[in-house]
Amino acid sequence: MATKKNSGGNGGADKKSADLDRNTTNPDGEFLTTNHGLRINDNHNSLRAHERGPSLLEDFILREKITHFDHERIPERAVHARGAAAHGFFQVYESLKDITAAKFLQDPLRKTPVFVRFSTVAGSRGSTDLARDVRGFAVKFYTDEGNYDLVGNNIPVFFIQDAIKFPDLIHAVKPEPNNEIPQAASAHDTFWDFISLTPESTHMIMWAMSDRAIPRSLRTMEGFGVHTFRFINEKGKAVFVKFHWKPVLGIHSVVWDEAQKISGKDSDFHRRDLFENIEAGNFPEWELGVQIVPEADEHKYDFDLLDPTKLIPEELVPVKIVGKMTLNRNPNNFFAETEQVAFHPGHLVAGIDFTNDPLLQGRLFSYTDTQLTRLGGPNFHEIPINRPVAPVHNNQRDGHMRQTVNIGTAHDPNTTGGGCPFQAGKIDGGFVSFMEKMEGSKVRARSRSFFDHFSQATLFYNSQSDWEKAHITKALQFELGKVKNPAIRERMVGILSFVDKALSKAVADALGIKTPVQIEKPINRNIPADGNVKDFEPITKKQSVEKSDALSIEFSPLNKNKNIKTRKIAVLLADGFDAADVDAINSTLKKNGATSCIIAPHLGAIKSDSTKSIDAQERILGTASVLYDALIIPGGAKSVQALLKEPACVEFINDAFKHCKTICAVGDGVKLIEKSDAMKANDNDEGLILAPEGTFAEVSKEFVAAVSMHRHWTREAKLSG
Ligand code: HDE
């Protein structure tokens, strides 16, 4: 049996792990065999007619090994191909029995195992983690009543209102069709061509151009179910519900220049961060929140609850926190688990149901369909990572790679099997769809209540702090600057003028476009209920909420609790460093739950100014400032003299400064700062802590407070202003 790492705190959730164990192999102390169990006596030489002669066709060992290798790859996901995942568990705080029949949401003692896969959308499997993109946030709950999948994103709205547009959206965002350039990036013509002709995407574009699309860590991003779903209680009473995952560490992002550099220095940055933190016991946590809307309030809002380009401002309907998810175990095998996991918004448990959101309705078809191609047949639910912990009994049979050895009858109704398996009534946990009243004509049309495309884009933009607005502006300038077709750029400037005139002008200025641009009014190209082709102008509905803190990273209540837990701090030193400073650094970081990385001119032991030495974890030339949250340069005359000879050290400081990180130098360490751009800092730059005469111990509190701010944006305003 495989060794399990970090299963601490998992409790009842180990049920799923035990299930997986039956399918895990561990070669410790075992002989090498063929797939059929024959022991192999030579794995390095194929069978030949003579030592220098041709290989023999009869070499079944060679053929089995190479044939298996030839078939190792399966198609990557059409979207969300690049991902990383982890196991964990979910626990509800208090029973939600009054609103949902879902048993895993009723028992605070129950630990429901989960498997969570995070992903980018556009790039292929080997693409960079730091692409500007939406992140997938897909959670599989292995409940005792069957698997429930909450297949969400880290942004609460989506680009389009109807599933029929999804292939066009994805074709547009994927690389240009002739040369497959650029990889994992929306900054190209086909994407912005589509967006400029699809005004309903404007709200989502605001989010995608914000720092939400370049998270610092998968552990520091929110998750959203996006669509409106339904909870149904045991009496059949329903309420509308929107799902939220709130990261306990807060919401943090990087800046765009940093993201681009991380993509070169460590394109596995997010994957590595998740893996390393779980290995280190820093188990990421999210609280599950729900916004609940009574059925009677369906039409009460300035937007349609079924429209996935809209969110419900938390000021209108507060998020009720109902439970917590902890990720505490890395997968043992990337392919078997992360690659083969198959999510589906239609994997439901009794007590949770859909709404008529036309995007969600299309997804319900798509996810099974895609698995048939990707995983090769209808039995993908038998792959260990997809297998429910709840028993499975039905009359589905056979097909490619069937694992289950079914006994007995395969028809229903039957007497030959004693009538088994039985249909379950509601009282036995049988799934019953919400009895929604339906009436109307069959039409290809969109409801007028979906036509307001700009109000919430403006709400989002107006809710941002100044630095967040500046980042959105720069992102749009960057992305549209890569668009070659001037008409597309102009159309986008026109669209942006419906969100905010100053934003539109700032983007136009960077693109050399004179404002106001004369573009046709944005239109909805769809067919109204009467069937006559008509173009509609979007309408603007005044929103009852004008500003919402939860939409901003700066003002989010999640970032109120300031700390430096799990931050990675770079410590630059060389032989002769001040041992007392480094002791103080290590104890301060440990006490506050952060980690240090000792970076020196060479690996191995680095001598201090006393008898102590310390092991360097990275070489200065093998790493980069963008991979850390903050920087410390301890004292030690000899150490600093050596660092002054390494040009990469100044570059390290310059990047940390440019990316608004906390920089602390003590004693002689300050001499290194004097050679860098950090000398351009404001007098009131709280993120630059210099103590030429002092020790780290004396400034440690100030340092922790500064790092807990995450970044120092006043510096950025000064540098760009
Ligand atoms: Fe997906 N989506 N999607 N999507 N989606 C897939 O399913 C699709 C949408 C999301 O880590 C695919 O198994 C359609 C919204 C995540 O394995 C595919 C539409 C949201 C993941 C598919 C949408 C998502 C996927 C590709 C429009 C947020 C990755 C591989 C109607 C609420 C799950 C696969 C993982 C994956 C189709 C829109 C989230 C092709 C047709 C909206 C997180 O079936």
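Which residues does His80 touch, not counting residues up to four places away in sequence? I looked this up first. His80 touches Arg117, Ser119, Thr120, Val121, Gly136 and Asn153; contact here means heavy atoms within 4.5 Å.

**Ground rules.** I am working with a predicted model, where local features need pLDDT of at least 70, side-chain atom pairs count only at pLDDT 80 or more, and totals for chains, interfaces and linings use all residues. Residues are numbered from 1 along each chain as its sequence is written, and side-chain values use heavy atoms, with hydrogens and water left out.

**His80.** I placed His80 in the loop between α2 (60-70) and β1 (83-92). Helices (H or I, at least four residues) and strands (E, at least two) are DSSP runs, numbered from the N terminus. I then found a polar contact of 2.8 Å between the side chains of His80 and Ser119. A polar contact is a pair of N or O atoms within 3.5 Å; within protein, one must be able to donate a hydrogen and the other to accept it, and residues adjacent in sequence count only if both atoms are side-chain atoms.

**The ligand.** I looked for protein donors to the iron atom of the ligand. There is a single one, Tyr367 (OH), 1.8 Å away. Donors are N, O and S atoms within 2.8 Å of the metal (3.2 Å for Na, K and Ca); water is not among the atoms, so sites may look incomplete. Tyr367 is in helix α9 (residues 358-374). A polar side-chain atom of Tyr367 also lies 2.7 Å from a nitrogen atom of the ligand. Arg117 has a polar side-chain atom 2.7 Å from a ligand oxygen. For Ser366, a side-chain N or O atom is 3.0 Å from an oxygen atom of the ligand.

How many residues surround the ligand? I noted 22, and the closest are Arg77, Arg117, Ser366, Tyr367 and Gln371. To be near, a residue needs a heavy atom within 4 Å of the molecule or strand in question. The largest share of this shell, six residues, comes from α9.

**Aromatic rings.** Rings of Phe, Tyr and Trp (its six-membered ring) pair if their centres lie within 6.5 Å; planes under 30 degrees apart count as stacked, over 60 as edge-to-face and the rest as tilted. The count by this rule is 25 aromatic pairs. One of them, Tyr301 with Phe303, is stacked, at 5.6 Å centre to centre and 15° between the planes. Both residues, Tyr301 and Phe303, are buried. Buried means under 20% relative accessible area, exposed over 50%, partly exposed in between (1.4 Å probe, protein chains only). Phe696 and Phe703 pair edge-to-face, 5.6 Å centre to centre with 70° between the planes. Phe696 is buried because its relative accessible area is 0%.

**Backbone.** Most residues other than glycine have a negative phi, and most peptide bonds are trans. I looked for departures. A cis peptide bond joins Asp412 and Pro413, with omega about 0°. Another cis bond joins Cys420 and Pro421, with omega about -10°.

Met401 is not a glycine, yet has a positive phi of about 55°. Cys660, also not a glycine, has a positive phi of about 65°.

Is Met401 buried or exposed? Met401 is exposed, because its relative accessibility is 66%. Cys660 is buried, because its relative accessible area is 0%. I placed Cys660 in the loop between α16 (647-658) and β19 (662-666).
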